[in-house]
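This briefing covers a predicted model.

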Amino acid sequence: MRTRIIGTGSCLPETVVTNDDLSKIMDTSDEWISSRTGIRERRLVKEETTASMSIKASMRAMENAGVSADEIDLIIVATITGDYVTPSTSCEIQAAIGADRAVAFDINAACSGFMFALHIADAYFKSGIYKTALILGAETLSRIMDWNDRSTCVLFGDGAGAAVVRADETGLLAYDQGSDGARGKVLACRNRKNNNPLVKKPMDMEYTSMDGQEVYKFAVTTVPSSIKRVLDEAGLKVEDIDYFALHQANIRIIQSVAKRLKVSEDKFPTSLDHCGNISAASVPILLDEMNRNGLLKPGMKIVLSGFGGGLTWGSAVLEW
Ligand code: COA
């Protein structure tokens, strides 16, 4: 039994914000942002929410898979920016699409979240508990950015990506994941502070902070090793892989991973130029773009890899 991706969908907010737009409201430039990151524009929410984009992405993935709501056993949303602490985004999706039989819950593994959700679905399938799942990465990161901190806010965007996965004869061939909580503070966003009657402190808003260079070093060392491990486990070589769909954090990270693996950058499709970094949503949105652009053919071997906050990472090799 293997876990196969049988449909993909995504949803981006309507409003495009270019680097030039940002340079009108803060001290930055298209040259600084695009040369260091590869990002040219991102979409930011106005009326959209994490749930509204997730619902659209889910419906597109189900349509693409030819699967109806009553076939879904499990819904997992990877997010750090759910609209509510409770109910979960996955429960909101369940209600909206009418997947009454499904069990629904959210997980937090930051930018690796979609990869962790894939692995959870795989474990459920292997144990025989469930057969069909809807898994998503969905974020409204613009809500947790400090818009006075130009070193972080220019990097991130909003959006949702979904995949329908099913127990099948082919699909996920190997998986690798890990966490390094000791280094977690290099990319952090604190939750609400204690404001109970014992302390009565004023509530400060908390935003994302990042040590960009430490995150960069983590990514360029951890991701190639993780990819090598999944390839070894699957008995494959880098030459056997048709595409490497990586978390879209920074073009320099992607170029460095390609170089370390000795693979042409052409095998690393990107969406970060028009999406920015959308944390857990990056990998499924990229996968949906590849799928809808006709890049993915049955039998192709694809590597997926997510990495980021926690710190966490997860890589998979699958047959399409
Ligand atoms: N526009 C213009 N200047 C900016 C800026 C912006 N948006 N943000 C920062 N700067 C300035 C800094 O203030 C600094 O100025 P100074 O030298 O006068 O102090 C200068 O640019 C260099 O900043 P630095 O942080 O050293 O740049 P860098 O080369 O490390 O690049 C990142 C910064 C964030 C692009 C880079 O570290 C990176 O990509 N890290 C990985 C981040 C990431 O991918 N995170 C998500 C992982 S899931």
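Helix α8 is followed by Lys262, a residue with a positive phi, near 60 degrees. The points below start with this helix in the predicted model and then turn to the sheet.

**Helix α8**

- Helix α8 spans residues 251-261, and its buried residues are Ile253, Ile254, Ser256, Val257, Ala258 and Leu261.
- An α-helix has 3.6 residues a turn, so residues three or four places apart point the same way.

**The five-stranded sheet**

- The 5 strands of an open sheet follow the order β1-β7-β6-β4-β5, and their pairing is mixed.
- Strands β1 (2-11) and β5 (103-107) are at the edges with a single partner strand each, so one side of each has no neighbour in the sheet.
- On average, neighbouring strands of this sheet are turned by 20 degrees against each other, direction ignored.
- Strands β1 and β7 (residues 158-168) run antiparallel and are joined by 9 bridges.
- Arg2 has Asp168 in β7 as its bridge partner.

**Helices across the sheet**

- Helix α3 (residues 50-65) lies across β1, β6 (132-140) and β7, and runs at about 125 degrees to β1.
- Helix α5 (residues 113-126) lies across β1, β4 (74-78), β5, β6 and β7, and its direction is at about 165 degrees to β6.

Methods:
Residues numbered from 1 in each chain as written. Predicted model: local features only at pLDDT ≥ 70, side-chain atom pairs only at ≥ 80, totals over all residues. Heavy atoms only, no water. Pairing = 2+ DSSP bridges. Helix = DSSP H or I, 4+ residues; strand = E, 2+ residues; numbered from the N terminus. Axes fitted to C-alpha atoms, helices over the stretch in contact; angles between N-to-C directions. Contact = heavy atoms within 4.5 Å. Buried < 20%, exposed > 50% of the residue type's maximum accessible area, 1.4 Å probe, protein only.
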